[in-house]
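This briefing covers helix packing and aromatic pairing in one protein model. Please look at the sequence and the structure before reading on.

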Amino acid sequence: RAGHALLEELVAEGRRAVIWVADEGRRTILDDWLWTFETTSFVPHELWQPSLGEVDEPWALAEPLLKDYERVLLGSLVVPRFTMVAAVLASRRFARAVGAGERRRLLARVRKLARVARRWARIGPDNYQPMADIVAGEQAAMARRDQQALARLEAARAAALETGAHYVVGIASTCLGDWAASKGLRSTEL
């Protein structure tokens, strides 16, 4: 009930919310719940599933949230996940940026995200260090520090494999593949 009330309040204020669910089943449950929570209530919503490689739409959704996401999420475990995904999206935008101003702005955002990721990694290194390594790897790639980028992304993948964080393994592997492609490598062993 509290979640629905919060969503209704945000909609009434003209704000947007992004709810991240782990899989298609939970996404379906959430969609059903938003339609049927109360017979007199409705939260307008859109189900979104990104296509592999799509950057513009996810970044348009994520960027406005960066201003106050830590405060809004109140220390939720979603904070480090959102931090990691936002850094990856910013890095992809950086690669396509047209102009020094946009590149500087994206670098500044990723620096802030890196601070958040490091703080969470200090709190729970087993859970959050691989995420922080992905953010650091993306930051290094943006700064063209290739060896550091490769080392951090490989460390993220290895640590996530060890702890069974398969979605982090997938993100780290995708980042490694993108890094390899940006260097003109035709294939890489991940």
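The points below take the helix contacts, then the aromatic rings.

This is a predicted model, in which local features need pLDDT of at least 70, side-chain atom pairs count only at pLDDT 80 or more, and totals for chains, interfaces and linings use all residues. Residues are numbered from 1 along each chain as its sequence is written, and side-chain values use heavy atoms, without hydrogens and water.

**Helix 5 and helix 6**
- The axes (lines fitted to C-alpha atoms over the stretch in contact, with angles from 0 to 180 degrees between N-to-C directions) of helix 5 and helix 6 (residues 100-123) come within 9 Å and cross at roughly 155°.
- Helix 5 and helix 6 are therefore roughly antiparallel (over 145 degrees).
- Helices here are DSSP runs (H or I, at least four residues), numbered from the N terminus.
- Residues in contact (heavy atoms within 4.5 Å) include Ala86, Ala87 and Ala90 of helix 5 and Leu106, Val110 and Trp120 of helix 6.

**Helix 5 and helix 9**
- Helix 5 (residues 78-96) and helix 9 (residues 166-182) have axes that come within 12 Å and cross at roughly 15°.
- That makes the two helices roughly parallel (under 35 degrees).
- Among the contact residues are Met84 and Val88 of helix 5 and Ile171 and Cys175 of helix 9.

**Aromatic pair**
- The structure holds 1 aromatic pair (ring centres within 6.5 Å, using the six-membered ring of Trp).
- Tryptophan 120 and tyrosine 128 form this pair, edge-to-face (planes over 60 degrees apart), at 5.2 Å centre to centre and 80° between the planes.

Notes
Rings of Phe, Tyr and Trp (its six-membered ring) pair if their centres lie within 6.5 Å; planes under 30 degrees apart count as stacked, over 60 as edge-to-face and the rest as tilted. Angles under 35 degrees count as roughly parallel, over 145 as roughly antiparallel, 65 to 115 as roughly perpendicular and the rest as oblique.
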